[in-house]
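Hi,

Here is the structure I promised you. Have it open while you read, and my notes follow below.

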Amino acid sequence: LNRGILPSQIDYATWTTNPTVHARDDDTLGESIEPLADILATAQAKAHGLDLVIGPLTLGMRFNPNATSPEARMAEAPPDQRQHTVLAASWLLGTIAGFVDATVKELIVFEVAGPKGLIQPDGSLSPSGHLVSRLAPFAGCKAETVTWAHEPRARGLLVHAPEGRVLALTQARAAPASLAMPEGQWAAPEHLGFAGFTAGPQQAGGMIDVDGFGVVWVAEAS
């Protein structure tokens, strides 16, 4: 997409994305959410006036485009061992928040099931699966990205739902963060773990603590 010329008379522009092209360590994974606004601006400039469809979002390359034979280029890449961890959910949330824009009509996230999917081989939801199941009912609601100047890899996805606002936050680096909440009355936070979201204590002072590569869900108090 970045190097080529789009064909004429197309209905939308689409591309896939993954964070492990140049390196595979955890920090590189988190770092990849920082340039998403620039990537989106580049796509909008090349596909002026077109809707954008992004995905599938995957942790690893789906195949190796640099392989030296057609067979090797078509071979499926092995799954990333972090697929079913909270770290993967942190990257996913940061990426979703980074692509919130009126031109983005669809995001395709991971595979449905299996070693590269939202559902684990035993049928249970992965942490990313729990995150997506929380977000899915809000499809079509207004959403916006929340950022914090002092934490360049902290991202919030603020959804304006009919029953009240919800905020999903992550800190996509291996260091905890204390983040200011948007104005309003908020209920106690829920923290994402391997088995799903669990309630934590109510925090005071309009701040919320997020673990390194953690994911927190907060709903507006009724």
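This is a predicted model: local features need pLDDT of at least 70, side-chain atom pairs count only at pLDDT 80 or more; totals for chains, interfaces and linings use all residues.

Let's start with a pair of strands: β1 and strand β2 (residues 51–57) pair in the parallel sense over five bridges. Helices (H or I, at least four residues) and strands (E, at least two) are DSSP runs, numbered from the N terminus, and two strands count as paired if DSSP finds at least two bridges between them. Within that pair, Y12 sits opposite D51 in β2.

Residues are numbered from 1 along each chain as its sequence is written, and side-chain values use heavy atoms, with hydrogens and water left out.

Back to the sheet. It is open, with three strands in the order β1-β2-β3 and parallel pairing. β1 (12–17) and β3 (104–109) are at the edges with a single partner strand each, so one side of each has no neighbour in the sheet. On average, neighbouring strands are turned by 15° against each other, direction ignored (axes are lines fitted to C-alpha atoms, for helices over the stretch in contact, and angles run from 0 to 180 degrees between N-to-C directions).

Helix α2 (residues 36–46) lies across β1, β2 and β3, at about 135° to β2. Which residues of α2 are buried? They are L36, L40 and A43 (buried means under 20% relative accessible area, exposed over 50%, partly exposed in between, with a 1.4 Å probe and protein chains only). These cover an arc of only 65° around the axis, so they are on the same side of α2; the arc is that of the directions from the helix axis to the C-beta atoms. They pack against β1, β2, α4 and β3, whereas A37, D38 and A45 on the other side of α2 are exposed.

Now the core. The largest nonpolar core has 40 residues, and L52, W91 and W217 are among those with the most contacts inside it (such a core is a set of buried Ala, Val, Leu, Ile, Met, Phe, Trp, Tyr and Cys residues joined through side-chain atoms within 4.5 Å). Its largest share, nine residues, comes from helix α4 (residues 86–98). Leaving aside neighbours within four places in sequence, W91 is in contact (heavy atoms within 4.5 Å) with residues including P19, L57 and F110.

Cheers
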